[in-house]
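Please keep the sequence and the 3D view open while reading.

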Amino acid sequence: MRVLGVDPGLTRCGVGVVEGVAGRPLAMRGVGVVRTPADAELGHRLVAIEQGIEQWLDEHSPEVVAVERVFSQHNVRTVMGTAQASAVAMLCASRRGIPVALHTPSEVKAAVTGSGRADKAQVGAMVTRLLRLDAPPKPADAADALALAICHIWRAPAQNRLQQAVAQNRLQQAAALHASKTSSATSTATPSAQKGRTA
């Protein structure tokens with residue numbers, strides 16, 4: 001599985017591509033940052049992020065795009081910018097028919113380091129170790145993007161099993177409901193049929 005991880009941000013949007021399967025060594029295929037000038041108009045910055053992500057999609061052809069799920073912070077302005085960059089990444093992937101997976105920061109930290117409260121330095125150190133790199137990717141946004149991709153590769157099998165179980169449960173419930181309605185309809189129709197035969 002080849003996953004493009006996206007750590008969304010207006011000034012620095014981290015991107016990283018990881019390939020592999022759960023339980024086996026993973027390989028980094030690329031890492032970087034899409035940057036936009038802080039003094040540029042918002043629309044132009046979003047276009048620049050779109051163009052940057054499109055280039056990564058063209059070059060690496062990922063099977064899945066994993067994006068950090070935006071969560072509430074005290075700085076509303078920061079949240080808005082992150083959400084806008086996140087939406088651009090999701091749009092670029094969806095336009096190509098590439099599945100998008102969202103992971104919270106705590107999910108990513110827990111998957112990579114074992115602790116949902118790990119700091120950026122710990123995440124960077126573990127990404128370096130897991131991908132057998134010479135040094136932690138810089139800036140931290142790039143390391144976070146790789147961590148997102150790693151998180152998805154490791155969590156995807158469990159998520160798929162959960163989705164299959166939920167789908168199977170829904171099918172069973174639908175079948176039971178159908179059987180119940182059929183049985184109810186039959187029992188309701190029987191007395192009138194018997195009455196007709198009696199007459």
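Predicted model: local features only at pLDDT ≥ 70, side-chain atom pairs only at ≥ 80, totals over all residues.

Nine salt bridges are present in the structure. Two helix pairs are described below, H1 with H2 and H3 with H4. The backbone includes a cis peptide bond between Lys138 and Pro139.

**Salt bridges between strands**

- Arg2 pairs with Glu19 in a salt bridge, and their closest N and O atoms are 3.1 Å apart.
- Arg2 belongs to strand E1 (residues 2-7) and Glu19 to strand E2 (residues 12-19), so this bridge ties together parts that are 17 residues apart in sequence.
- Arg29 has 44% relative accessibility and counts as partly exposed.

- Arg96 and Glu54 form a salt bridge, with 2.5 Å between the closest N and O atoms.
- Glu54 sits in helix H1 (residues 42-60), and Arg96 in the loop between helix H2 (76-95) and strand E5 (100-103), so the bridge ties together parts 42 residues apart in sequence.

**Packing of H1 and H2**

- Two packed helices are described by the distance between their axes and the angle between them.
- The H1 and H2 axes come within 9 Å and cross at roughly 40°.
- H1 and H2 are therefore oblique to each other.
- The crossing of H1 past H2 is right-handed.
- H1 supplies Leu42, Leu46, Ile49, Glu50, Ile53, Glu54 and Leu57 to the contact, while H2 supplies Gln84, Ala85, Val88, Ala89, Cys92, Ala93 and Arg95.
- By class, the residues of this contact are ten nonpolar, one polar and three charged.

**Packing of H3 and H4**

- Helix H3 (residues 105-113) and helix H4 (residues 120-130) have axes that come within 9 Å and cross at roughly 50°.
- That angle makes H3 oblique to H4.
- The H3 and H4 crossing is left-handed.
- From H3, Lys109, Val112 and Thr113 meet Gln122, Val123, Met126, Val127 and Leu130 of H4.
- The contact of H3 with H4 divides into five nonpolar, two polar and one charged residue.

**A buried aspartate**

- Asp144 lies in helix H5 (residues 140-198).
- Asp144 counts as buried because its relative accessibility of 10% is under 20%.
- Neighbours within four places in sequence aside, Asp144 is in contact with Asp7, Lys120 and Val123.
- Val123 is also among the H4 residues that meet H3.

**Backbone features**

- Most residues other than glycine have a negative phi, and most peptide bonds are trans.
- The bond joining Lys138 and Pro139 is cis, with omega about -5°.
- Pro139 is in the loop between H4 and H5.
- Arg132 lies in the loop between H4 and H5 too.
- Arg132 is not a glycine, yet its phi is positive, at about 55°.
- Arg132 is exposed because its relative accessible area, 52%, is over 50%.
- Ser61 also has a positive phi, near 45°, and is a residue other than glycine.
- Ser61 is located in the loop between H1 and strand E4 (64-68).
- With 53% relative accessibility, Ser61 counts as exposed.

Definitions and conventions
Residues numbered from 1 in each chain as written. Heavy atoms only, no water. Salt bridge = Lys/Arg side-chain N within 4 Å of Asp/Glu carboxyl O. Helix = DSSP H or I, 4+ residues; strand = E, 2+ residues; numbered from the N terminus. Buried < 20%, exposed > 50% of the residue type's maximum accessible area, 1.4 Å probe, protein only. Axes fitted to C-alpha atoms, helices over the stretch in contact; angles between N-to-C directions. Parallel < 35°, antiparallel > 145°, perpendicular 65-115°, else oblique. Left-handed = near helix turned anticlockwise from the far one by under 90°. Contact = heavy atoms within 4.5 Å. Nonpolar A, V, L, I, M, F, W, Y, C, P; charged D, E, K, R; others polar.
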